[in-house]
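Here are my notes on the model, as numbered points. Please read them with the structure open.

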Amino acid sequence: ESSPDASSLNEENLTEECLVESRRSGASCAASPTSEVLLDQEVPLFPVCRPISEFLEHPGSDECEVSSLWQDFALPSETVSRWCSAMDVVSPNSTRCCCFTKSYFRYVKGTGSVLVGSQADAEKLADWVSKKDDPSIAGTLLPEAPKLRYFTPREVANIHEIPLDFSFPDHVSLKQRYALLGNGVSVTVIAALLEYLLSEPVSTTD
């Protein structure tokens, strides 16, 4: 099975999940141009973007658990070196990510975002990539790139706003879990869009 092209995810299949939060005072909407239309029509939909950090496992856990998580879901260094220019990398401070496909964890190109430990590491990675692709310093020994890891199945489920009490049966493998979660959407985004689409249009004429 071939991996989908990254550009198709970023432009056509974009959930840009913008990690919106549902509020009864106004469900949320991810795209700002749409938000302006919604506000013009007096539909109470307001963008409330939450950082990736709020969707990660083990927030505030002890150092041992966090280290284990980064070890178990780490991208191999050779994968980072080969595909880093094609990957969508986000940090805990990011408020967007690409959609996750059923091929996530098997392929890295165009299957979903991967995580870097901090914004500082994201900047180091960008600098590392630019030097790696610079022909003027070809052959120069570069420092090791910052660590990257996959989102866990639970984190993907969190981004899709699947309830926290949901869990897969033990016999479902890790790859099967990613496949079942692949191409999912945020229920909050869909709810906001449906509320807008089914709302009565507001006349702009006096």
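1. R50 and E54 join their side chains in a salt bridge, with N to O at 2.9 Å. This is a predicted model.

2. How many salt bridges does a search of the whole structure find? The search finds four. The R50 and E54 pair is one of them. Side chains of opposite charge can pair when their charged atoms come close.

3. R96 bridges to D88, and their closest N and O atoms are 2.9 Å apart. R96 is partly exposed, with a relative accessible area of 25%.

4. K147 and E144 form another salt bridge, the closest N and O atoms lying 2.8 Å apart. Are these two residues buried or exposed? Both K147 and E144 are exposed.

5. Now the sheet. Three strands make it up, in the order β1-β2-β3. The sheet is open and its pairing is mixed. Its edge strands are β1, residues 89-90, and β3, residues 148-149. Each of these edge strands pairs on one side only.

6. In what sense do β2 and β3 pair? Strand β2 covers residues 114-116 and pairs with β3 in the antiparallel sense, over two bridges. V116 stands opposite L148 of β3. Strands of a sheet pair through backbone hydrogen bonds, either parallel or antiparallel.

Methods
Residues are numbered from 1 along each chain as its sequence is written. This is a predicted model: local features need pLDDT of at least 70, side-chain atom pairs count only at pLDDT 80 or more; totals for chains, interfaces and linings use all residues. Side-chain values use heavy atoms; hydrogens and water are left out. Buried means under 20% relative accessible area, exposed over 50%, partly exposed in between (1.4 Å probe, protein chains only). Two strands pair if DSSP finds at least two bridges between them. Helices (H or I, at least four residues) and strands (E, at least two) are DSSP runs, numbered from the N terminus.
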